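Please consult the sequence and the model alongside the numbered points.

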Amino acid sequence: MLLKKTAFYGTLIFLITYALMPSTGAPPGAAPAPSPAALNAIKTLEQQFTKELWGILQDSDCILCHAKPKRTPLDLSKDPRATFRLLLEGGYFESEAHHSLLARLTDADDEKRMPPKPRDRWTKAQINQLKAFSERVTKTLREHQVQLDEIFPLSLELPYGVKTAAQPSQNFLTYWQLRQKVKTIFGDDWTRDERNRFDENVTMFGGADFRRSFSETNRPTAQYLSGLDHLARDVASRAYLQRSGPFQNFPDDLPDPLKMKSPDAAYTRAIQRVYNRLLFRDANPQEMQKSFQLIQSLYKAKNQLTPDEYDLQFELIARDAQGRTTLQSIAIPVARSAYSLQQEWADQTKSDPDSDLGTHTFSQPVTLKAKDNGQRLRLTNTSTYGVVSIVAVELKGPLPKEEIIRFKATDKEVQVEGAWKRDKQVYHDNGENKGDSHITMPLKVEQDGKYELKLVYRVYKDRYMSAATPIEVYSHDTHRIALPPAPPMPPKGEAHFWIDQTVDTRPYWDSKTQFQFENGSQGVELSNSGTRRTVTADAMKFVPTQGETVMIRAREAEGNEPWTEFKQGEFEAYNTVGPKLLSDENKNKGKLKLIYKPAKAKQWQPNQFYRLHMHYPSREYVETRTPLIVRASASTPIIRVQSPVRSHSGATITIDASATYNTQQTPIQFTWRQIGGPRVQLKGQGAKISFVTPLFSPHQAGWEGLCQALMKHPDFLFSAPPSLTRTQDAKQKKRLQLVKIAQGLIGRPPTLAEVAQVDKGASLEALVDSYLKGSEFQDYYFRRIRLLLESRGTPEEDEPARLWSYVAFNNRPFSEIMTADYSVDPAMRKQARPAQHGKTGLLTMKGFIKGKPGLPHFNYAAVVAEKFLGYVFEVPPEIVEARRTATAASTTQPGSACYSCHKVLTPLAYQRLRWNDQGDYIEKDDKGNPIDDSDQNAVVSYPFKGQGMEAFAAQVVRKERFTRAMINTHFQLLFGRDMRYQLEERTLYKRLWENSRTSKQSIKSLLKGLVLSKEFLG
């Protein structure tokens, strides 16, 4: 028989399934298991069905038609037991239901009746036989109080007869898993130049930070793989240079591999060390040989290993006498060139007395060759403040001749890169786009010799000019690499900073240093002294290492009265706190200041150290150098480093941190370490180091190259290492299982110590128990529930995820996600809720309701039904068209095209009527009438009848659908797909169902059961 497709037949035939075997003890809110007598009665009905109706169904071709997959929504089996259970679960024996067998067989409409033409109708005797059997079914279920939609599916108790190939989960590492994997294996958070590259590239890796991005993917993209290339280079280089991660205790004295055909014992051990740390297994013979060949190939290419441009990267740790530290990264671009590099710094604030032009003459002549097109001068605005300009370059020579050769900045041969602005014969950067603008001028001469070089620039009297502009000359002299001028030292008890308020890509300016404010007179002063543009101001946050943040708003700062309110206009800055923002309106220069004193706040602790976060409204026309003076008793070191803006391979360079200080001006110790680029031999320590910029060695290139290659191996990039299904070695299989478990539960691979535990015989169960007790599990689980519930990262939108996580962490029944009468605050503490919420869990939280409109859109009802009952709604174009004129009442008419979905959606939408789309509780509608938030008896078979969301919640947690949805949600978190509960994974579903009952719906127990299942472990 072809039965009409509906999404819900009292309960959905193709989605709702029930239990036959009894369970031990139902959790709170769950339905009790059926009694042995009830089970026996159902078995008797099954036997009667086989004897009385099975033959008729076969003779009528019902089984023939409905046993063909994808022909009809009702897929029957050729096994009479399976067919009986499917029909029973689907409510097809409910005589009064419009979709029942009896209703379809007796339908007077020949276009709707079953069996369809040209087959004959059932005889009257057959109809009476079906009617009598249906009445017996109804009576038996009523007598034994069996609710079929609240027990484990009968149909799934039968074995699944089709053999299917194993389909292990293959989840690509998410952004968070990749981040934690790098941190665990390499001890590297990928922070370079004081910038967290993971945070900067969160969208490239398909991640979520709950500030700019709110969803996360486990599918690779071209952008992800491109970012991985850069990540692998950075991380592998740092690990090699620091002898960390896979290179811990790594040998430096390996022999030349070009003298071997295959790896010797030393190379074998070294390659296995890298494999075991990155992939948690040994290299197989083929991998061993390919890895060795990779290293050999890089030794063969030793003269081509160093790229034309690369970065030398260092970390500096400054430590005061009390052990307080500050860390800073330094990166120096290095070029590989046939020319030597000479650098000087020009002061462009000075001009000739009778002109707006100024000149800077190189301190030493430069050696140039005739007709050499590679000789050039390069002007850059890197590490500059103020306007950088250029008019021309003049050469005098060859010395001792006095002949002048002039190259104009506007000549055709000049290469202009970046956002330079042309002003007649002048190029200037307008004080913007620092580090991104360069001008290269060829220095073509007709005679070999030494030349005096002079840079001509223009001074703009109404603007800041750069007092230290780097000039680079590529010539045939020896290298001369210059450092920028040292900044002045502030008075004791002060720290001086400058804020570029045009930067609108950061949430706040960060001091990166911590300060102690011991008395009420100390604080932070922001002023308009020496400024030439509009200065703006907002709140200052004093962020402690522990405890509460102190916030002083601009209107609470001393001296705020003369300032005017800043008007944001049409485009509001995202990084402000408000509510009142201040501005000097580019007036009263040198007369306005704001003093933010943390002592004004009750949270202030005089012994605490605070990091400063300055908020400000940003615009392109505001000040680029707003002065900030911090007056404090003590501070962690404030690192100030003088380093070259650029170098060449073979040049000797110096990095100088002598200008580093703290407000108490006590001695500071310095520790340098290299984290990127070819290894250098450092000379000196203390505040100043020097070295010769080197080329890459084949040893470094070879082992870094192998590390980078393994970071792109499937065993590294998938949460379930593919080798797990292939390895025959019991020890390595257990390691890879641990990798899959750890990455699934806590978002990182196992540590060396954890691997050692399983190698020594510790059980996987013991490690799982340890993971589930730790904070890493809590952090990772909370993150994943935020993603599941589509939080936008605010405390309000996080509230549903906090409740869900609290239930999981404290082994509360997962039914409380729907029925809790409490909330959970940002500190994960249980809090009482107003009485109107009742026992509705997250269902009536603003963070869950907002963005999910109720009537007439039904979004809220659809999300609840999908996430907590496992419904899948498809809305074809014809239904969209039908809804244009549909009313809420018309959607629940059995003949309506909307009925199949809306027999659940519409009654649920009625029950939410006391909560508006903003999540506010209301008692009267817009016309002042009392609200009826019952299901309004819209659908006779609606299984969640009652008044309001509490009635819905109380009944939904009893349903098998709810338990299955919760199990499937956690299955998806670990397997990356839906559980095939109707097919070959029905036995797994049965085990998890029993787990949920015996553990009182413990989410931790459910997760443990999943990760230790043979289906997960492979």
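**Notes on strands and helices**

1. Phe542 stands opposite Leu612 in strand 27. Strand 22 and strand 27 (residues 609-614) pair in the antiparallel sense over 5 bridges. Two strands are taken to pair if DSSP finds at least two bridges between them; helices (H or I, at least four residues) and strands (E, at least two) are DSSP runs, numbered from the N terminus.

2. The model is predicted: local features need pLDDT of at least 70 and side-chain atom pairs count only at pLDDT 80 or more, whereas totals for chains, interfaces and linings use all residues. Residues are numbered from 1 along each chain as its sequence is written, and side-chain values use heavy atoms, with hydrogens and water left out.

3. Buried means under 20% relative accessible area, exposed over 50%, and partly exposed in between (1.4 Å probe, protein chains only).

4. Ile552 of strand 23 is the bridge partner of Met540. The two strands form a hairpin with 5 residues between them, and Gly547 in the turn has a positive phi of about 100 degrees.

5. An open sheet of 4 strands has the order 30-4-3-32, with mixed pairing. Its edge strands, each pairing on one side only, are strand 30 (647-648) and strand 32 (668-676). Strand 3 (residues 309-320) and strand 4 (residues 325-335) pair in the antiparallel sense over 11 bridges, and Arg319 stands opposite Thr325 in strand 4.

6. Gln328 lies in strand 4. Which side of the burial cut-off does Gln328 fall on? Gln328 counts as buried because its relative accessibility is 13%. Leaving aside residues up to four places away in sequence, Gln328 touches Glu194, Phe314, Glu315, Leu316, Ile639 and Val641, where contact means heavy atoms within 4.5 Å.

7. Helix 12 (residues 698-710) is largely enclosed by the rest of the structure, because 12 of its 13 residues are buried. The buried residues include Trp703, Leu706 and Leu710. The buried residues of helix 12 pack against helix 7 (175-186), helix 9, helix 10 (265-279), helix 11 (285-300) and helix 13 (714-717).
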